[in-house]
Amino acid sequence: MNERVPEDWSTIQIKDLGSFYGGLTGKTSKDFGDGEPFLTYMQVFSQKTLDKEAVNSVQITKEENQNKVIYGDILFTTSSETPDEIGMSEVFLGTDWSPYLNSFCFGLRLEKPSPIYPLFAKYLFRGRKFRHDIRPLAQGSTRFNLSKGYLGKLSLLIPPLPEQKKIAYILTSVDEVIEKTQLQINKLQDLKKGTMNELLTKGIGHTEFKDSELGRIPKSWEVKKLGYFCKHINKKNNEDNQIPVLSVTKYAGFVNSREYFKKQIFSKDLSTYKLVKKGQFAYATIHLDEGSLGLLKKHEFGLISPMYTVFETNDYINKDYLFMLMKSDIFMKKYQVIGQGSINRRMTISFDSLSQLTMPFPPLQEQNEITKITNQIDKNINFSLNKLSQTQSLKKSLMQDLLTGKVRVTEN
C-alpha cells in the first residue's frame, strides 16, 4: 500500500545524489598504529565521526591515492553479522579536518549544489523507511554485505531544502536533550561509584579505625565470611505449569522475558533449570568477563539457567547492601581470584568458594543507612533514565512523522 506524501516532495535515486568512493585499500597490519587519522567502522556505525579521540591511525605515502572524507559525505558500513544492521549510515559534519575512511565502509560524495541538506541526510538514512528499504539488499549467509550498485538504485523521498533544514533543526534539538541527559546519567553513575567505594571502606562518620586482615576498617566493623550471611539454594524445576524463564542481562539484572521463554520452552529440558524466588540472589557459576550477580526484586518466581547458582540471605544483612557490595570493585577483585581455570577456558566458581570470601561488614543499622544514601542516587539515575527513554521515544516518533511528511513543518 502506497502512503500519501506531500505534493511538493521529490523522489530521487541515491546514485543521483553524487558519486560513491571506497575506504582504505592495499593496507597490511604493519601500516596501522601511527600516521594519518582514519574513521573506524564503529565510528560510522555509532554515528560518532566527530570524535577525534576515537580515530585510528594509518601510514599513507605520497604515492598512494587514498580517499579522504570531507564535510557532507554520507558514509555506509559495507558488512554486518545480521541483515538488520547492513549499511548503517553516518554523515560527516567535520569542517576542520579531513580523515581517511576504514576499508569496511564506503562513502557517497554529494554533488554541488546538492538537493539534500547534510544534517537532514543524517536522520533520513537512519529513518524507519530507509532501514526497511535497505534490508533486502543484504547479501550473504554467515556475514552480510552491501553492494554500492544496489544501494544506488534505492529511491528517497525528500522535502524542499527549507523544510529539510527545519526538520534537521528539530531533530538536532531533541538529540541535544538526549546527549545532556546521558551526560547527567554518566555523572550520577560516577557519583554512585565513588560514593560506594567511600562508604564500603570508610562507612559513615567514623573517626576511629582498626587494622584487619583486609586493611584499615572502622572500629565497629567486623570481618566475616560471606557464608555467614548466605545459604545455598538448589531447588530445581518440578512444576508442570508454565513458569517464566528469567534471562540475565549484561548488567546482571533479571528480566522476565516471555519471548525468551517461548523460544526455550519447546527446545530445552527445563527440569534442570533453577527455581528462584523474590529476594534471592544468583551468580554465574561459569565466570564470564566480570561475572553476573543479581538480586531478584521484581518477580515473585521464575526459572534460571543451571549455569547460575542461587542463594538467599539471613536477617543479619541488608539485601540491598549485599547486592551493592557484590557489584563493587572491592568484591569483584576477590571474585575473580577464586575462579578455577583460566579466562580463555572459562573459570568456574562454586558456592563453597564464594561463601569463604571474607569482607568487611558494618553493623546492620549502618548497612541500612548506607543503602539509603545509594538508593537515593539510584532514584536520581532512574529518573534520568526514564527521561532519556521518553526523549528517545519522542525522537523515534518525530522521525517517523517528519521524514514521511505525515507532519509538516514551515520554515519560520
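## Helices α5 and α10

The crossing of α5 and α10 is left-handed. This is a predicted model. Helix α5 covers residues 161-202, and its axis comes within 9 Å of the axis of α10, at a crossing angle of roughly 165°. Angles over 145 degrees count as roughly antiparallel, and α5 and α10 are therefore roughly antiparallel to each other. Sorted by class, the residues in the contact of α5 with α10 are 20 nonpolar, ten polar and five charged.

## Helices α7 and α10

Helix α10, residues 364-402, also meets helix α7, residues 319-326. The two axes come within 9 Å and cross at roughly 65°. The range from 65 to 115 degrees counts as roughly perpendicular, so α7 and α10 are placed in that class. The crossing in which α7 passes α10 is left-handed.

On the α7 side, the contact is made by Asp 320, Tyr 321 and Met 324. Their counterparts in α10 are Gln 367, Ile 370, Thr 371, Thr 374 and Asn 375. The contact of α7 with α10 has three nonpolar residues, four polar ones and one charged one.

Strands pair through backbone hydrogen bonds, in either a parallel or an antiparallel sense.

Strand β5 consists of residues 74-77 and pairs with β7 in the antiparallel sense over three bridges. Phe 76 stands opposite Ser 89 of β7.

## The three-stranded sheet

A further open sheet has three strands in the order β6-β11-β10, and here too the pairing is antiparallel. The edge strands, β6 (79-80) and β10 (139-140), each pair on one side only.

Strand β11 (residues 144-145) and β10 are joined by two bridges in the antiparallel sense. In this pairing, Gln 139 is opposite Asn 145 of β11.

## Salt bridges

The structure has 18 salt bridges. One of them joins the side chains of Glu 64 and Lys 27, with an N to O distance of 2.7 Å. Glu 64 belongs to the loop between β4 (56-58) and β5, while Lys 27 belongs to the loop between β2 and β3 (32-39). The pair therefore ties together parts that are 37 residues apart in sequence.

## Backbone exceptions

Most residues other than glycine have a negative phi, and most peptide bonds are trans.

Gln 47 lies in the loop between α1 (41-45) and β4. Pro 113 is in the loop between β9 (105-110) and α2 (118-124).

Note on methods
Residues numbered from 1 in each chain as written. Predicted model: local features only at pLDDT ≥ 70, side-chain atom pairs only at ≥ 80, totals over all residues. Heavy atoms only, no water. Axes fitted to C-alpha atoms, helices over the stretch in contact; angles between N-to-C directions. Helix = DSSP H or I, 4+ residues; strand = E, 2+ residues; numbered from the N terminus. Parallel < 35°, antiparallel > 145°, perpendicular 65-115°, else oblique. Left-handed = near helix turned anticlockwise from the far one by under 90°. Contact = heavy atoms within 4.5 Å. Nonpolar A, V, L, I, M, F, W, Y, C, P; charged D, E, K, R; others polar. Pairing = 2+ DSSP bridges. Salt bridge = Lys/Arg side-chain N within 4 Å of Asp/Glu carboxyl O.
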